[in-house]
Amino acid sequence: MPEIIITENQIHLRNDRISYVIGILEGGIAAHLYFGRRVEAFNPASVLRRWGCAEDGSFDPQNCALNHVPQEYPSYGLGDMREGALIVRAADGTASADLRFVSTTVEDGKYGLPGLPAAFGDGAKTLRLQLRDELLGLNVTLLYAIFDDCDIIARSALFHNASSRPLSLERAASLCLDLPDDRWDLVTLSGDWARERDVIRRRLTPGEMSVSSVRGASSLLASPFAALARPETTEAAGEVIAAALVYSGSFYAGAEVGSRHAVRLQLGLNDRHFGWLLQPGETFAAPEAVLTWSDRGFDGMSAQFHRLCAAHVVRGKFAHAPRPILLNNWEATYFGFDEEKLLTIARKAAEVGVELFVLDDGWFGHRDADNSSLGDWVVDRRKLPNGLKSLGEKVHALGLKLGLWFEPEMISPDSDLYRAHPEYAMQIRGRTPITGRNQLILDLSRADVQDFVYHAVADILRENPIDYVKWDMNRNFSNVGSLALPLERMRELPHRYMLGLYGVLEKLQAEFPDVLFESCSSGGGRFDLGMLYYMPQTWCSDNTDALCRCRIQWGTSLVFPPFAMGSHVSAVPNHQTGRVTPIRTRANVAMSGCFGFELDLNKLPESEIEEVKAVITRVKELRETLLYGDFHRLLSPFEGHDTAWITVSPDKREAVLMFTRDLAQPDTDQPMLTLRGLDPALTYTVAETGEAYTGAELMASGLCVALPWGDAASVSLTLRAQ
Ligand code: GLA
C-alpha cells in the first residue's frame with residue numbers, strides 16, 4: 001500500500017518502488033527534495049547543499065534566495081527568476097505571490113477534480129498540501145496522489161480566492177518539478193497531420209525547451225507529454241522522469257535550465273491561451289498531470305503509463321473488454337454512398353468475421369463534401385431513404401454492430417443550425433470568421449451550445465440502434481471569441497470550451513454506457529489522457545500506410561497502450577502515401593491496436609480475402625493479449641529500417657511478436673531479435689514454426705525471424721508457453 005508519512009518538516013509519499021519527498025523549509029516554503037527510487041528515509045542536507053540553500057532547511061527569502069530553492073509550486077515576482085508555476089494578478093495590477101505552508105491532510109483514495117478528467121481508483125492515497133498567500137488572500141491546495149499498482153504521482157492544484165477582491169490567474173501550472181542537475185535529454189512527441197507523435201530527443205541546453213499548443217486541442221503537432229531521460233538511457237535501461245497531462249486543450253510542456261544547472265520541468269495550461277478571473281469565494285482547479293519515474297528506460301516508463309491508463313483512466317464496460325473488429329466506410333466510399341452500397345460493404349465484412357460496421361462522415365444534412373451540414377444531425381434521406389434505424393436493423397441482421405460518425409463540436413456556415421443560431425459559433429465581433437475545413441467551431445463555453453450538442457448526439461443514440469460512436473474534431477481554434485462571455489472573462493474561453501466539452505461527454509457516458517466511443521481529431525490530433533477518460537480508444541492517425549504506422553504507433557506507445565489505439569488495414573495504393581504494401585504487413589501492424597479495416601473488402605482478390613479471414617480468426621484468438629498484454633518496443637523505426645515490438649500476456653504464457661522491415665536489402669542476414677517481457681523459466685513454442693526456446697534464451701540470444709522477400713516485409717509470430 002502507498003504511504004504518506006508526515007514528519008515535522010517533511011512529507012514523504014511512497015509505494016513499494018518510488019518515493020516523492022517534499023520539505024517544508026523555515027518560513028514555510030514547500031521545497032522539492034526528491035523523486036525517484038524508494039528510500040526509507042530522506043536527509044535533505046545534501047540536496048539543499050547542492051542547490052546552495054542552508055543545509056538545515058533554514059531559509060531567508062531576502063536577496064533573491066528563492067532562485068536557488070527547489071520548489072513544489074514556485075510563483076513569480078519574489079526572487080525566483082525562473083518560469084513560475086503560478087502567475088496571479090492582484091486588484092492593484094501587480095503580479096507576485098508568496099505561498100507559505102499552512103497544513104497537510106492525508107486521505108485514503110484518489111482525489112477527483114470538479115468538471116475535469118482525473119485518474120481514479122482504489123489503492124491510492126491523497127495528500128492535500130495547503131499553502132496561502134496572506135497578502136492576496138489566496139489559498140492554494142496542492143493535490144498529490146500516489147498509487148499502489150503503478151509508479152505514478154498524480155498532481156493538480158486548487159486556487160481559492162479567500163479575499164474580498166478579485167484575483168486574476170494568468171498561469172496555473174499542473175505540475176512543477178525542480179531537479180538539481182541538467183544532464184538530461186528532453187523527449188517529446190511531435191508531428192503533424194498523418195505523421196503524429198514522432199519521438200524527438202534533444203539535449204537540454206541553457207534556457208527553455210518546450211512543446212505546446214494554442215490550438216484548443218492537444219493537437220497533431222505535439223502531445224501533452226514530456227520526458228527527461230539521462231543521455232545514456234535506452235529503451236531497456238536508464239533513468240527517465242516523464243509527465244503527461246490529463247487534458248485535451250491548449251497546453252505547455254517544457255523544461256528550463258536555469259542558474260547552477262538546475263532544471264525545472266513544468267506542464268499545464270498554456271498561458272497564451274488562458275486566464276481566469278477568480279472572484280471572492282471562487283475556486284479554480286488546474287487540470288491533472290501524472291508523473292512517473294523509471295530506471296528501466298523508456299520501456300519502464302511506458303509500462304507505468306499503460307498501467308495507469310488501464311486501471312485508473314479508462315472507464316466503463318469497455319475498459320477491459322475485447323474491442324470489436326470494425327470496418328469503417330470512409331476510405332471505401334468517402335461521401336459517395338447510399339444504403340445499398342453500404343450494405344454491400346457490410347455484407348462482405350460480416351462474411352469475413354468483422355464485428356462492427358462504422359458509417360463515417362456524410363450521412364446527415366446534405367453533406368456531399370466537407371463544406372456543409374455540420375450541426376444538422378438529421379439523416380440525409382437521399383442517401384438513406386429508410387433512415388438510420390432501418391440501416392441499423394439491417395446491419396444487425398448481418399450479425400454486425402453499427403457505429404456512427406459525428407463531429408459534434410462543429411458548425412458549417414452552410415447549415416440550418418448556423419442560419420438559425422450564428423451566435424453559437426466562436427467568433428470575434430466585427431471580424432469575418434476564419435473557417436478551417438470550411439467549418440467553424442461551436443462555442444462550447446455556452447450552456448445553450450452544450451445542451452444542443454448533448455441533445456444532438458443523445459437523440460440519435462436514443463432513437464437508433466447505434467453501438468459505437470466515432471467522435472471527430474477536424475479543425476483547430478481561430479476566432480477565439482464568445483458572444484456570451486463578458487470582456488473580463490474572454491481569456492477563459494479555451495479552457496471553458498474544454499470544461500463544456502467534458503461536461504457533455506460525461507453526460508453521454510453516463511447515459512449510454514453500452515456505446516463504445518472512439519475519439520478522433522483529423523486522425524490522432526487529440527490523443528491524450530483527457531479524452532481517454534471519456535472514450536476508451538482513439539483513432540491513431542488518418543495515415544494507414546503500414547510503414548508510416550510503425551512510426552506512429554511506436555511513438556504513441558510511449559504513453560498509450562495498444563487498447564487505446566485505433567489501427568486499421570486500408571487499401572493499396574495507400575490513400576495518404578500512394579505506397580503498396582502487402583496485406584500481411586498492413587494486418588501485422590494494425591493488429592497491435594484496436595484492429596479494423598478502412599476499405600471495401602469486395603475489392604480484394606480472393607487470395608487476399610482468405611488472408612483477411614485468417615487474420616481475423618487469429619486476432620480474435622489473441623485479442624486479449626494484443627490489447628491488454630504488456631507492450632515492449634524492441635527495434636525503433638526512428639533508428640533504422642526495422643520495427644519490432646512484442647506484446648506479452650500478463651501471465652507471460654502468450655506473446656505476439658511483430659517485425660517489419662521497410663526496404664529490402666540484398667544479401668542481408670535475417671533479423672535476430674532479443675525479446676523482452678517473457679518468463680525466463682518458461683519454454684515457449686513458436687506456433688508458426690514449431691520451434692521451442694526458453695524465455696531466457698529468447699531474451700539473451702534472441703530469435704531469428706525468417707523474413708519474406710520484398711519491401712515492407714513483415715512477420716508476426718505467436719509464442720505460447722508449453
Ligand atoms: C477526419 C477523420 C477521418 C474521417 C474524416 C471524415 O479526417 O480523421 O477518419 O472520419 O474526418 O470527414
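**Entry 1: the cores**

I began with the nonpolar packing and found that the largest nonpolar core has 205 residues. Within this core, Phe159, Trp363, Trp471 and Phe597 have the most contacts. Helix H12, covering residues 606-628, gives the most to this core, with 9 residues. I kept in mind that I am looking at a predicted model. A background note to myself: in soluble globular proteins, nonpolar side chains tend to be buried together.

Next I picked out Phe597 and listed its contacts beyond four places in sequence. Phe597 touches Ile325, Leu326, Leu327, Asn328 and Val354, and also His568, Val569, Val612 and Ile616.

**Entry 2: domains**

How is the protein divided into domains? I noted domain 1 at 3-313, domain 2 at 326-539 and domain 3 at 642-721. Taken over C-alpha atoms, the centres of domain 1 and domain 3 are separated by 40 Å.

**Entry 3: cysteines**

How many disulfides does the count come to? I got 0 disulfides. I then looked up two cysteines to see why. For Cys176, the closest cysteine sulfur is in Cys53, and the two sulfurs are 14 Å apart, so they are too far for a bond. Cys176 has 0% relative accessibility, so I wrote it down as buried. For Cys309, the closest cysteine sulfur is in Cys150, at 9.5 Å, which is again too far for a bond. Cys309 also counts as buried, because its relative accessibility is 0%.

**Entry 4: around the ligand**

Which residues come nearest to the ligand? There are 13 residues around the ligand, and I found that Asp360, Asp361, Arg437, Lys470 and Asp542 come nearest. I checked some polar pairs there. An N or O atom in the side chain of Asp542 is 2.5 Å from a ligand oxygen atom. Trp405 places a polar side-chain atom 3.0 Å from an oxygen atom of the ligand.

**Entry 5: helix H10**

I moved on to helix H10, residues 546-556, which is mostly covered, with 10 of its 11 residues buried. Among the buried residues are Arg549, Gln553 and Thr556, along with Leu547, Ile552 and Trp554. What caps the N-terminal end of H10? I found Asp545 there, with a side-chain oxygen 2.9 Å from the backbone nitrogen of Leu547.

**Entry 6: Ser373 and helix H5**

Ser373 sits in the loop between strand S22 (356-359) and helix H5 (387-397). Is Ser373 buried or exposed? With a relative accessible area of 0%, Ser373 is buried. Its side chain reaches the backbone nitrogen of His366 at 2.9 Å. Beyond four places in sequence, Ser373 is in contact with residues including Phe364, Arg367, Ser412 and Asp414.

Then I followed the chain into H5, where Gly387, Leu388, Ser390, Leu391, Gly392 and Val395 are buried. What do the buried residues of H5 pack against? I noted helix H4 (339-352), S22, strand S23 (401-406) and helix H7 (447-463). Gly399 follows H5, and its phi is positive, near 90°.

**Entry 7: Ser250**

I turned to another serine, Ser250, in the loop between strand S15 (240-246) and strand S16 (251-257). Its relative accessibility is 5%, under the 20% limit, so Ser250 counts as buried. Where do its side-chain polar atoms point? One lies 2.9 Å from the backbone nitrogen of Gly216. The side chains of Ser250 and His273 are joined by a polar contact of 2.6 Å. Leaving out residues up to four places away in sequence, Ser250 touches Ser213, Val214, Arg215, Ala217, Leu269 and Asn270, among others.

**Entry 8: Phe527**

My last stop was Phe527, in the loop between strand S27 (516-519) and helix H9 (529-534). At a relative accessible area of 1%, Phe527 is buried. Beyond four places in sequence, Phe527 is in contact with Arg197, Ser218, Thr538, Cys540, Thr556, Phe560, Ala564 and Met565. One of these, Thr556, is also on my list of buried H10 residues. I also checked Ser541, 14 residues from Phe527 along the chain, and found 9.5 Å between the two C-alpha atoms.

Notes: Residues numbered from 1 in each chain as written. Predicted model: local features only at pLDDT ≥ 70, side-chain atom pairs only at ≥ 80, totals over all residues. Heavy atoms only, no water. Core = buried A, V, L, I, M, F, W, Y, C linked by side-chain atoms within 4.5 Å. Buried < 20%, exposed > 50% of the residue type's maximum accessible area, 1.4 Å probe, protein only. Helix = DSSP H or I, 4+ residues; strand = E, 2+ residues; numbered from the N terminus. Contact = heavy atoms within 4.5 Å. Disulfide = S-S within 2.5 Å. Domains from an automatic or database assignment. Near = heavy atom within 4 Å. Polar contact = N/O pair within 3.5 Å; in protein donor to acceptor, adjacent residues only side chain to side chain.
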